[in-house]
Amino acid sequence: MSFSGNVKEELSEHWSSARHCQIAELAAILGLCGSIIINSRNEYRVKVHTENKAVARKVFTLIKKTFNIESDISIRRNIQKQSVSYSVVVKQHQDALRVLQAVKLIDEHLDGFEEVRIVNPIVVQQTCCKRAFIRGAFLAAGSMSDPKKAYHFEIVCAAESMAEQIRELMSSFSMDAKIVQRKKSYVVYLKEGSQIVDILNIMEAHVSLMELENVRILKEMRNTVNRKVNCETANLNKTVSAAVKQLEDITYLRDTIGLEKLSEGLEEVALARLSHPDASLKELGALLSPPVGKSGVNHRLRKLGDLAEKVRKEQGGVL
């Protein structure tokens, strides 16, 4: 199962003890993957369609626990696409009315019904209900990338107004959620790993949160090690390049003007470098008599380089 599937499986088993939170979670699911059917006799049915078995199970149990209503589940298999879809249906008119009135999609007099585009703000007044609503929205229309590959959290909405409502609810928890249009849908998304950790905490998916944190720690450790290795490799390459250039300059001076023409200090460090081409500046300094520090060795080698360049110019760069 994918990481996203694991999160939904965990959320499907999470239960709010408060009825108002159960209603908020169900309102989100109905708003994002639910439909209201009215027959010729003006009788209502409520239907939730999903391709996730855990979500279907959660909806069925929510309706049972919150309203003591038995709903029907139908399963449809698409052999060509190798997919399975689930429909949870409240068939009885009075039962459907109870659900719709509780989630504030219609009032007691069946007035104010509109196509579901936004959930009544009364349903999500309390902080706990906002958490439940975001949880239900993710169950209904959300997905997450595998954190080992990338950080991405999204909830897909059919209407911009619903996307904006979800974004505002997430923002109330200091989430920097954004909306982008994708074909005919509106996608509320988060991209930063720390924000995705926070949204898992908000939805109370604590097991998935710990799994994500473990991945983040391993990633950070790997990145830190890579940075150190790259830094050490760069320093090593720089040191090797410098040593090669020093050897070239000293060899050039030896073959042109002779090292014996150099001052005693420069001749000593030149001979030490020729004898120990792989030695560091500190190691070279220890070979001199008396020993010289890194900065002193570097100063002498730089003087040898400047002298080699001067000789090259005077002799046209040839031996």
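Started with helix 2 and helix 5: helix 2 passes helix 5 in a right-handed crossing. (A crossing is right-handed if the near helix is turned clockwise from the far one by less than a right angle, and left-handed if anticlockwise; helices are DSSP runs of H or I with at least four residues, strands are E runs of at least two, and both are numbered from the N terminus.) I looked up the axes next: those of helix 2 and helix 5 (residues 127–141) come within 7 Å and cross at roughly 35°. Axes here are lines fitted to C-alpha atoms, for helices over the stretch in contact, with angles from 0 to 180 degrees between N-to-C directions. By class I find 15 nonpolar, 2 polar and 2 charged residues in this contact. Ala, Val, Leu, Ile, Met, Phe, Trp, Tyr, Cys and Pro count as nonpolar, Asp, Glu, Lys and Arg as charged, and the others, Gly among them, as polar.

A note on the source: this is a predicted model, where local features need pLDDT of at least 70 and side-chain atom pairs count only at pLDDT 80 or more, while totals for chains, interfaces and linings use all residues. Residues are numbered from 1 along each chain as its sequence is written, and side-chain values use heavy atoms, with hydrogens and water left out.

Next, helix 2 with helix 3. This crossing is left-handed, the axes are 10 Å apart and the angle is about 140°. From helix 2, Arg 19, Gln 22 and Ile 23 are among the residues that meet helix 3, where Thr 66 is one of the partners.

I then zoomed in on Thr 66, which lies in helix 3. Is Thr 66 buried or exposed? Its relative accessible area is 9%, so I call Thr 66 buried (under 20%; exposed is over 50%, partly exposed in between, with a 1.4 Å probe and protein chains only). The Thr 66 side chain makes a polar contact with the side chain of Gln 22 at 2.9 Å (a pair of N or O atoms within 3.5 Å; within protein, one must be able to donate a hydrogen and the other to accept it, and residues adjacent in sequence count only if both atoms are side-chain atoms).

Last stop, helix 4 (residues 93–102): I found His 93, Leu 97 and Leu 100 among its buried residues. The buried residues pack against several elements, including helix 2, helix 3 and strand 4.

Methods: Contact means heavy atoms within 4.5 Å.
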